[in-house]
Amino acid sequence: MNNENFLDEIGDNHLASSAQNPLRSDAFDLTDDQKIESIKKDVESILITLGMDLTDDSLKGTPNRVAKMFVKEIFGGLHPDKKPGASTFDNHYKYGEMLVEKNITVYSTCEHHLLPIIGRAHIGYISSGRVVGLSKMNRIVDYFAKRPQVQERLTMQIVQELQKVLNTQDVACVIDAKHLCVNSRGIRDIESSTVTSEFGGKFKDEATRREFLDYIKFDTSF
């Protein structure tokens, strides 16, 4: 198998090369504005190569819009300065049971084809004396999702960050998501979704894991 076919096979099978996002050492040498200007030229080149007429009013602003979207929005989670603060608080009310936040919206981008990953994350933790604001869990999910990603890595990163924030291993995350690189190209299976999970500490125990999975099945529509 030649190298190009090997790399295509990795992408089509959604294999990750690292548990961390593969960034170069100079990833943040350019400012956001410099990155936008560079990407804008690259998008212009792609569209021109495809035969698009960039003098058309509908397309004139597309390179700039795409560049801004890449840097400021869908890949904004690459920059460590944008990591959300996650203040924790003493568990004064001594709540000792599992806390679960479910149906957290996930918008990410497959790093193999740069197509959307759309789904839901479900997070649970058992306090060891500290608790975190509910919205902070959403922000942590959003931060790590705003990168070129694979779903397995995203799931692990969410758990590892909350373990660090809460100073406990007792954290779990399940993500159920659709990958448009599967749904809209290749096999074009619009029905399939991908489920990944990461269980830490007490969640490795079968009974605790089952309790968490039962919680996320609850119908909480209002």
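UniProt positions are given in the numbering used here, feature names are shortened, and annotations may be inferred rather than shown by experiment. The model on display is predicted, so local features need pLDDT of at least 70 and side-chain atom pairs count only at pLDDT 80 or more, while totals for chains, interfaces and linings use all residues. Residues are numbered from 1 along each chain as its sequence is written, and side-chain values use heavy atoms, with hydrogens and water left out.

Select residues 39-216 to begin. An unreviewed UniProt entry annotates them as "domain: GTP cyclohydrolase I". Over this range the chain is 37% helix and 26% strand, with the end C-alpha atoms 40 Å apart. Helices (H or I, at least four residues) and strands (E, at least two) are DSSP runs, numbered from the N terminus.

Is His113 buried or partly exposed? His113 is partly exposed, with a relative accessible area of 26%; buried means under 20%, exposed over 50%, and partly exposed in between (1.4 Å probe, protein chains only). His113 lies in the loop between β2 and β3 (116-126). Cys181, in helix α6 (residues 180-183), is buried at 3%.

Finally, select Thr109 in strand β2 (residues 98-110). Thr109 is buried, with a relative accessible area of 6%. Not counting residues up to four places away in sequence, Thr109 touches several residues, among them Ile74, Phe75, Leu114 and Arg147; contact means heavy atoms within 4.5 Å.
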